[in-house]
Each structure stands twice: as C-alpha cells, then as structure tokens.
Amino acid sequence: MQSILEVLSPTNLLFIIQGFGMTLYISFLVIVLSTIIGTLLALMRNGKHSFLRMLASIYIEFIRNVPNLLWIFTIFLVFQVKSTPAGIIAFTLFTSAALAEIIRGGLNAINHGQVEAGMSQGFTPVQIMYYIVLPQAIRKMLPAIISQFVTVIKDTSLLYSVIALQELFGSSQILMGRYFEPEQVFTLYLLIALIYFLLNFSVSTFSRNLSKKWEQATE
C-alpha cells in the first residue's frame with residue numbers, strides 16, 4: 001500500500017496534471033485549426049473552380065493516406081521545428097485532411113432540391129450555405145467529427161515517444177523511471193488510462209446528448 005501511495009503523491013499528481021494540461025492545449029489548438037482548414041478544404045473540393053478543387057483533392061488524398069507519425073517526424077526533423085509547434089502542425093495537417101472528407105460527406109448528404117428551393121426564394125449562395133445546408137449537414141456529420149476529435153486526443157500520446165513532448169502519456173513515462181514494482185506500474189498506467197477515458201467519454205457523451213437535442217428540436 002505504501003508503494004502505491006508513493007506513486008499517488010501530490011508531487012507526482014501535479015506533474016501528471018501538467019502533462020494533462022499540455023495534452024488539452026495541443027488537442028484544443030489542433031481541433032480548432034483543423035476544423036477551420038478542413039471546412040475550407042471541403043468547400044474547395046466541392047466548389048466549381050477546377051484548380052482549387054484539384055488543389056484540395058491532392059492535399060486531402062496525399063496527407064490522409066500517409067501515416068501521421070511520418071508527418072510528425074518530417075516537421076520535427078526535416079523542418080527542424082521545436083517539439084510543441086511540430087506536434088501541433090503535424091496533427092493539424094493530418095486532422096484537417098480527415099475532417100475535410102467528413103465535412104464534404106455531410107455537405108453532399110443534403111438534398112440538392114433544398115439548395116434549389118433556397119435559390120428560388122432569392123437566397124444568395126452564402127445564405128443557402130448558412131441557413132439551409134450547414135445546420136442539416138452538421139447534424140449528420142457531428143458523430144464522425146467528434147470521433148475524429150477523440151482520435152486527436154488519444155493520438156497525442158505518440159508525441160512523447162517520437163519527439164519527446166511531455167504531454168499526459170509522456171509524464172507517465174518519465175515517472176515510470178522511478179518505480180519498478182508491478183503494483184506501482186499498474187497504478188500509474190491505470191491512472192493515465194482513467195484520465196484519457198474520462199476526457200474522451202465526456203466529449204463523446206456531450207456529442208450524443210447534443211445530437212439527441214437536435215433530433216428532438218426537429219421533430
């Protein structure tokens with residue numbers, strides 16, 4: 001019991017909280033930036049301008065079909081970007097490509113007849129997108145988007161082993177060097193697993209509840 005309490009000391013817990021803060025910081029920036037870039041890419045790929053459509057298609061297909069791990073190494077080693085910016089840039093590149101396809105699929109799921117109806121009422125393309133297409137598309141693609149967000153949070157654990165970025169999992173690995181007894185190792189890993197679970201479960205639960213509210217509002 002004493003050995004387990006050593007693992008759960010206030011100093012260790014504070015160290016883990018600092019790593020958790022880094023995980024939240026990176027995840028939040030990646031999610032915000034990727035959503036903005038992914039939306040622009042989806043609109044470009046669905047647009048009428050052939051060059052922009054081709055540009056978006058090349059970006060999306062090339063980025064998302066190469067492992068994210070390779071992008072992390074490339075940004076960090078080839079371009080010699082510091083650990084934290086390198087992690088944010090690499091994850092944003094990869095996640096924006098994945099989100100672009102999710103968003104494009106949501107936009108394409110809307111019946112074109114509704115767009116034509118909006119045009120017949122004198123709506124501009126921007127008004128049609130804002131008032132007709134996006135509200136319905138968001139409902140359809142929200143589960144897939146939230147799933148991608150959860151993947152981002154979990155995959156930040158790659159950053160310690162690849163570029164020594166001290167996020168949540170990295171903090172546990174640093175502490176692991178101090179403890180060797182099986183119950184200590186189990187306690188530390190269980191604590192980290194619970195933190196990841198509670199965070200991702202909260203995000204998923206929020207998504208489900210929001211989807212139910214939207215469904216009830218449209219009934």
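1. The crossing of helices H2 and H3 is left-handed. This is a predicted model, and the points below describe its geometry as computed. H2 covers residues 10-46 and H3 covers residues 50-64; the two pack at an angle of about 130°, with 7 Å between their axes. Angles from 65 to 115 degrees would count as roughly perpendicular and angles over 145 as roughly antiparallel; H2 and H3 are therefore oblique to each other.

2. The contact between these two helices draws on Leu-41, Met-44 and Arg-45 from H2. On the H3 side the residues are Leu-52, Arg-53, Leu-55, Ala-56, Ser-57, Tyr-59, Ile-60 and Glu-61. Sorted by class, the contact of H2 with H3 has 7 nonpolar residues, 1 polar residue and 3 charged residues.

3. On the overall fold: the chain has 10 helices and 0 strands. Its pattern along the sequence is accordingly α-α-α-α-α-α-α-α-α-α. Along the principal axes, the C-alpha atoms fill a box of roughly 75 × 45 × 20 Å. Of the 219 residues in the chain, 38% are buried. Taking the contacts between residues at least 6 apart in sequence, 72% join residues at least 24 apart.

4. A further helix pair is H4 (residues 68-78) with H5 (residues 83-108), which pack at an angle of about 140° with their axes 9 Å apart. That angle makes H4 oblique to H5, because the roughly antiparallel class begins only over 145 degrees. The crossing of H4 and H5 is right-handed.

5. In the contact of H4 with H5, the H4 residues are Asn-68, Trp-71, Ile-72, Ile-75 and Phe-76. They meet Ser-83, Ala-86, Ile-89, Ala-90, Phe-91, Leu-93 and Phe-94 in H5. By class, this contact has 10 nonpolar residues, 2 polar residues and no charged ones.

6. Ala-90 deserves a separate entry. This residue is found in helix H5 and is buried, with a relative accessible area of 0%. Setting aside neighbours within four places in sequence, Ala-90 is in contact with Asn-68, Trp-71, Ile-72 and Ile-75. Ala-90 and Asn-68 are 22 residues apart along the chain, and their C-alpha atoms are separated by 7.1 Å.

7. The loop between H4 and H5 contains Gln-80. Gln-80 has a positive phi of about 55° although it is not a glycine. With a relative accessible area of 68%, Gln-80 is exposed.

8. Ala-164 is also not a glycine, yet has a positive phi of about 55°. Ala-164 is found in the loop between helix H8 (158-163) and helix H9 (168-176). Its relative accessible area is 56%, so Ala-164 is exposed, the cut-off for that class being over 50%.

9. The structure holds 2 aromatic pairs. One of them is formed by Phe-62 and Trp-71, whose ring centres are 5.6 Å apart and whose planes stand at 75°, so the pair is edge-to-face. Planes over 60 degrees apart fall in that class. Trp-71 is buried, with a relative accessible area of 12%. Trp-71 also belongs to the H4 side of the contact with H5.

10. Phe-197 and Phe-201 form a stacked pair, since their ring centres are 5.3 Å apart and their planes are at 20°. Both residues lie in helix H10 (residues 182-218), where they are 4 residues apart, about one turn of the helix. Phe-197 is partly exposed at a relative accessible area of 47%. Phe-201 is likewise partly exposed, with a value of 44%.

11. Pro-135 lies in helix H7 (residues 125-155). At 31% relative accessibility, Pro-135 counts as partly exposed. Leaving out neighbours within four places in sequence, Pro-135 is in contact with Met-129 and Tyr-130. The C-alpha atoms of Pro-135 and Ser-204 are separated by 20 Å, the two residues being 69 apart along the chain.

Notes: Residues numbered from 1 in each chain as written. Predicted model: local features only at pLDDT ≥ 70, side-chain atom pairs only at ≥ 80, totals over all residues. Heavy atoms only, no water. Axes fitted to C-alpha atoms, helices over the stretch in contact; angles between N-to-C directions. Parallel < 35°, antiparallel > 145°, perpendicular 65-115°, else oblique. Left-handed = near helix turned anticlockwise from the far one by under 90°. Contact = heavy atoms within 4.5 Å. Nonpolar A, V, L, I, M, F, W, Y, C, P; charged D, E, K, R; others polar. Phe/Tyr/Trp six-rings, centres within 6.5 Å; stacked < 30°, edge-to-face > 60°. Buried < 20%, exposed > 50% of the residue type's maximum accessible area, 1.4 Å probe, protein only.
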